[in-house]
Amino acid sequence: MSTTADQTTQGATLELDSKGFLEQLVELRALFDDHIVNAERIVVDEKDTPQGKMVSTVLPPAPERLQDIAEELFGASCWPTEIHAAAEQGDTAFINHCRTFLTHCEYVVRRRGLGYWLYERMAHARAAFATDRPDDELPLLIRAFDRKRFEKRFKGHDKRRFGSKHQRFSDLFEYYRMMRSMASRCIMRWGAPGMQTSRVAYAVLNDGTIGGELLLEATTPCHRFKSEAERREHEDAIEIIHAIDGLRVQADAEYEQALARGDVHVSMPNRIIDDDDDVMHTAYQYFSYHVGIADVLDRAKRNEPWCQEDIERYMKVKPRVSACEQRIDKRFLYDAQQLRKAVEALWGTTVPMVDTIYESPQLREQEMQKPLWGNLMYIADVAASILGVMMRNQLLGALVTHDRDLIESSFRSLDSMCRMVRDIGVLAMPMLLIDEHEIDYEQLRGASKHEQTSMLRQYCIFRDAAVGVWLARSPWKDNAMMRDATLKLFGPSTLGFSRVMLPRLEQELAMPGTLGEAC
């Protein structure tokens, strides 16, 4: 089963609904300004000072529609929370900070389109991280903050107001990750459903450089570069993308040949055993359980009749696995097996960073002469489709630095992903990965600001990994369902993903090749 390869997408344009995006942006700005201007402030503190009486106020709760639109526009980033917090806190500097972001967003999207604005945001974040030059656009809520940090941020112009060097490094790295996530989600939300939309969304999530250039090529083909060097960098990135596409096609062909020869030997689980102690060992059971329990709870909240048998019925769903799922799971486990062998074969050798290979036409040419599973460009690509980008980077970094502890940690991550696939399958694994790393909000509230920041960022890393695996491994990239399911994975709850996936899965189970029908 192919990951993201599809020759028909090469050179295709990507249509993003800039007009629809702008319409909602205009509504957001109007709601934001109307609330700030017309809402009656609430006095929270009043004290005498040498300069006279000082009154501290906040604004009342912002309208729900404000948060909803902000999520539609800037989901997978902290901008929705940033805008909502500014609207309620009422601090002038904070409000202007958000207004500046919204104004620039509208200006660029009107002039150049949504695709270029997303490209610009990723390039801007990447440059800020590389040069340690944060500017006022960096969201205040990039980390959990207190009043002291808030006041420091809006005073002066020195970059130290953004925190220590270590904090800046961490925050700018996080902002670059966040902009890639926001761009990926925006592409799925505002792009027409299809292979090219899924392809570009996956590319920008995994690599802001070559993915950003693919986005620019697909949405703004007539872009004028500022210099010849910029144009060459763009052409190199597109060449890399096409090379990776070719490697994916080669991988698909080699896999099919291995299947035909009987050379694919992976441990496939028996998921059709009805085990009362483990009711969810297929994707069908997993999605049915989540949707069913949610439906029962919804009825209970509406005071509608329900009984214990309603819950038991959902918990006793018969285990069934479609032929489509078997193919996807087998390919995932095969690729994971081959990835481990490839990494072990390279261990102890001198391995360059993949970015170094990307930057050198000579090194790229040398890699393309190697066998598929000796080519670092392909190894990096397939690793991202199995582990997600951050765990992929850890794995490749361990190869470069010969860090034994890090490589063992990476192999444990690989084994964990494979266990989840064997437990419930690739289609449900992204949801399980997110659920297993769901934020414990009770623990979050009692944690320090540093711990809160770490917990939130850790969750986002695993969410991005889940979305990346889904975008890479789903067989339905040209289906409108793909967009809805991806947006739900990016969202605050995975229940929506179950609701989208269950009908699609039931279609597959109705086709010939289903296992476990007689259980």
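Trainee: Which residue lies over the face of F154?
Mentor: R153 does, at 5.8 Å from the ring centre. The rule for a charge over a ring is NZ of Lys or CZ of Arg within 6 Å of the ring centre and within 35 degrees of the ring normal. R340 also lies over a ring face, that of F411, at 4.2 Å from the ring centre.

Trainee: What am I looking at, and how is it numbered?
Mentor: This is a predicted model, where local features need pLDDT of at least 70, side-chain atom pairs count only at pLDDT 80 or more, and totals for chains, interfaces and linings use all residues. Residues are numbered from 1 along each chain as its sequence is written, and side-chain values use heavy atoms, with hydrogens and water left out.

Trainee: How many aromatic pairs are there?
Mentor: The structure holds 19. Rings of Phe, Tyr and Trp (its six-membered ring) pair if their centres lie within 6.5 Å; planes under 30 degrees apart are stacked, over 60 edge-to-face, and the rest tilted. Take F129 and F169: their ring centres are 5.2 Å apart and the planes sit at 50°, so this pair is tilted.

Trainee: Where do F129 and F169 lie?
Mentor: F129 is in helix α5 (residues 114-131) and F169 in helix α7 (residues 165-190), so the pair ties together parts 40 residues apart in sequence. Helices here are DSSP runs (H or I, at least four residues), numbered from the N terminus.

Trainee: What about Y286 and F287?
Mentor: They form a tilted pair, 6.5 Å centre to centre with 55° between the planes. Y286 is buried at 6% relative accessible area, and F287 is buried at 0%.

Trainee: Which residues do ring pairs link into a cluster?
Mentor: F21, F74, W79, F101, W117 and W190.

Trainee: Switching topic. How many salt bridges are there?
Mentor: The count comes to 38. The rule is a side-chain nitrogen of Lys or Arg within 4 Å of a carboxyl oxygen of Asp or Glu. One of them joins E106 and R110, with the closest N and O atoms 2.9 Å apart. Both lie in helix α4 (residues 92-112), four residues apart, about one turn of the helix.

Trainee: Are E106 and R110 buried or exposed?
Mentor: E106 is buried, at 13% relative accessible area. R110 counts as exposed, at 51%.

Trainee: Which residue does D136 bridge to?
Mentor: R161, with the closest N and O atoms 2.8 Å apart. That pair links distant parts of the chain: D136 is in the loop between α5 and α6 (147-153), R161 in the loop between α6 and α7, 25 residues apart. D136 is partly exposed at 45%, while R161 is buried at 10%.

Trainee: Now the domains. What are the bounds?
Mentor: Domain 1 is 18-45 + 56-224, and domain 2 is 242-510. Those bounds come from an automatic or database domain assignment. The C-alpha centres of the two domains lie 28 Å apart.

Trainee: What area is buried between them?
Mentor: About 2,500 Å², with carbon and sulfur atoms giving 61%. Buried area is the accessible area (1.4 Å probe) that two parts lose on being put together, summed over both.

Trainee: How many salt bridges are there between domain 1 and domain 2?
Mentor: Three.

Trainee: Which residues does D245 bridge to?
Mentor: D245 forms a salt bridge with R199, the closest N and O atoms being 2.3 Å apart. D245 also bridges to R248, at 3.4 Å between the closest N and O atoms. R248 and D245 both lie in helix α10, three residues apart. R248 is buried at 7%, and D245 counts as buried at 3%.

Trainee: Last one. What does T282 touch?
Mentor: R271, P319, R320, V321, D423 and I424, not counting residues up to four places away in sequence. T282 lies in the loop between α10 and α11 (283-301), and counts as buried at 0% relative accessibility.

Terms used. Helix = DSSP H or I, 4+ residues; strand = E, 2+ residues; numbered from the N terminus. Buried < 20%, exposed > 50% of the residue type's maximum accessible area, 1.4 Å probe, protein only. Contact = heavy atoms within 4.5 Å.
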